[in-house]
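Dear colleague,

Please find the structure below, handed over for your reference.

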Amino acid sequence: MEKLTDRSVAVNRSPMTFVERMYLPAIAKGLTITLSHIFKKKATINYPEQKRPFSPVFRGLHVLNRDEEGRERCTACGLCALACPAEAITMEAAERKAGEENLYREEKYAAKYEINMLRCIFCGYCEEACPKDAVYLSETVMPANYDRKGFIYKKEDLLIPHPKKQESK
Amino acid sequence: MLLLLIGLSFIIEKVILISVILMGSLGIAMYATWAERKVAAVMQDRRGPNRAGPFGILQPLADGLKLFMKEEIIPDSSTRFLFILGPCLAMLTALMTSAVVPWGPDYVTSSGHVVALQVADINIGILFIFGVVSLGVYGVMLGGWASNNKFSLLSSIRAASQAISYELAMGISLIALLMLTSTLSLREIVGQQHGFWHDGYFTWNFFKQPIGFLVFLVCSFAELNRAPFDLPEAESELNMGYHQEYSSMKLGFYLFAEYINMFVSSAIMATLFFGGYNFPFMDQVQVAAGPLFFTIICVMVLLTKVVGFILFFMFVRWTLPRFRYDQLMRLGWKSLIPLALVNMVITGAVILWTLKK
């Protein structure tokens, strides 16, 4: 048969010589290898104190965006839910009342907006689908939780802080 | 009547010495567990325990606390008495061996009172060690048998056969050494290795018996059930080994006994082959430093040697893969025992024809 690559190496099956059967030189060789690793650079970092930078295309936890005046951008069109391959997003739309213009940018807004983070596969299709630039995937890793309910993120969990009021949420 | 002859000060002195040695070996064993994890981490380019205290030095305390807090389970199908006796015996024998090791030279106080830094100078020191170490197998055997678990039983059978096979080679390798020293007392053996250089040759027994030391070293690896001879604890074949059914501090005792054994066997190897507390130019140092300071230096020298051996044990553990059972038996019976026998014969011949002319 024709060889596919020239990287194959024939296995040496000749019986072991006396030095090889003594085993001790091999042990010494092994010990020098492990000893040399003492002086090598550590592969791990002190994680919570030190963090490695994420790649620029990293897709983490979702955020719901506001505009410059602090109004929610989401208009509850449902395109993100439609685009979602994991069916993780649900929402309920509501009509903006008079006097709520400072809260919602469009005439229709999301009264309820939930993402089930256990279903989410962080593909970022919702971000691509959104016509209002309302949903984004941030650089935050999804934190652990004690029960399944804690993984269903409500609108309050997803909204970014108000730029003027500086509410800490 | 004999007891009345022993002075009260003698008893107090021995009690203090015993408690210091007990505490010391427990403390060193504790930090050996920490050092083992640290050495493993460093050799695998990791960091190791570093959360509990600076550099993780409180890690052994955290581990001990965790073991104490765990639920204590005694299986219904186990033989209850033997199940509890197993870890006790393992721990007891591990602690007993340190009694005959001379930790330092005699300290003579200004009033002429001699304080021996050895719990008991018995004239059969090495024989005592061998006896106690062989008893240590009973801890493993009883634990594995009383667990009423097939894996534990298999593992304890392995431990017993391994111990028996390697004790033979260990004993024969020591006979060659004992022919040279012509005494069994550890104190006299250390005394013969005084200093480092005498009459144009090394005084340490390692330079007189290198092959004997090699055989003894390999056998002590096997006796300690440490890698590459940790077949009784081969978790890929036996789930966990003879302590599979154990939990809480009984499991801790088994694991801890292994580290105490490692400490004691390091001390014995240092004593038998590497001059114990002796070090080069010790006579000059003795003159320069006072008697108390000199004693402390000697103890420190011995402890340095012991720590070196413990580190070597760890290096080997994290370097070599485990032996297969047939390889283990072949190495013991077909390589080490003949090697030790040949070493013994050659040593005897050399003694006959050169030294005793």
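In which order do the strands of the open sheet in chain A stand, and with what pairing? The sheet has three strands in the order β2-β3-β5 (chain A), and the pairing is antiparallel. Strands here are DSSP runs of E with at least two residues, helices are runs of H or I with at least four, and both are numbered from the N terminus. Two strands count as paired if DSSP finds at least two bridges between them.

Before the details, a note on the source. This is a predicted model, in which local features need pLDDT of at least 70 and side-chain atom pairs count only at pLDDT 80 or more, while totals for chains, interfaces and linings use all residues. Residues are numbered from 1 along each chain as its sequence is written, and chains are lettered from A and ligands numbered from 1 in the order in which they are written.

The sheet of chain A

Seven bridges join β2(A) to β3(A) in the antiparallel sense; in this pair, A93(A) lies opposite A110(A) of β3(A). Strand β3(A), residues 108–116, is also antiparallel to β5(A), with two bridges between them. There, I115(A) faces Y153(A) of β5(A), and N116(A) has I152(A) as its bridge partner. The edges are formed by β2 (89–95) and β5 (152–153) of chain A; each has a single partner strand, so one side of each is left without a neighbour in the sheet.

Chain A as a whole

Chain A contains five helices and five strands, which follow one another from the N terminus as α-α-β-α-β-β-α-β-β-α. Its radius of gyration (taken over C-alpha atoms) is 28 Å, well over the 15 Å that the globule rule gives for 169 residues, so chain A is more spread out than a compact globule. That rule is 2.2 Å times the number of residues to the power 0.38. Along the principal axes, the C-alpha atoms of chain A fill a box of roughly 95 × 50 × 30 Å. Of the 169 residues in chain A, 13% are buried. A residue is buried if 20 or more other C-beta atoms, placed from the backbone, lie within 10 Å of its own, exposed if 12 or fewer do, and partly exposed in between.

Chain B

Chain B has 14 helices and four strands. Its radius of gyration is 21 Å, which agrees with the value near 21 Å for a compact globule of 357 residues. The C-alpha atoms of chain B fill a box of roughly 60 × 55 × 45 Å along the principal axes, and 41% of its 357 residues are buried. With 13 C-beta neighbours inside 10 Å, G131(B) counts as partly exposed. G131(B) is 36 residues from E167(B) in sequence, and their C-alpha atoms are 10 Å apart in space.

Where the chains meet

Nine residues of chain B are in contact with eleven residues of chain A, a contact being two residues whose C-beta atoms, placed from the backbone, lie within 7 Å. On the side of chain B that touches chain A, five residues are nonpolar, one is polar and three are charged. Nonpolar here means Ala, Val, Leu, Ile, Met, Phe, Trp, Tyr, Cys and Pro; charged means Asp, Glu, Lys and Arg; the others, Gly among them, are polar.

With kind regards
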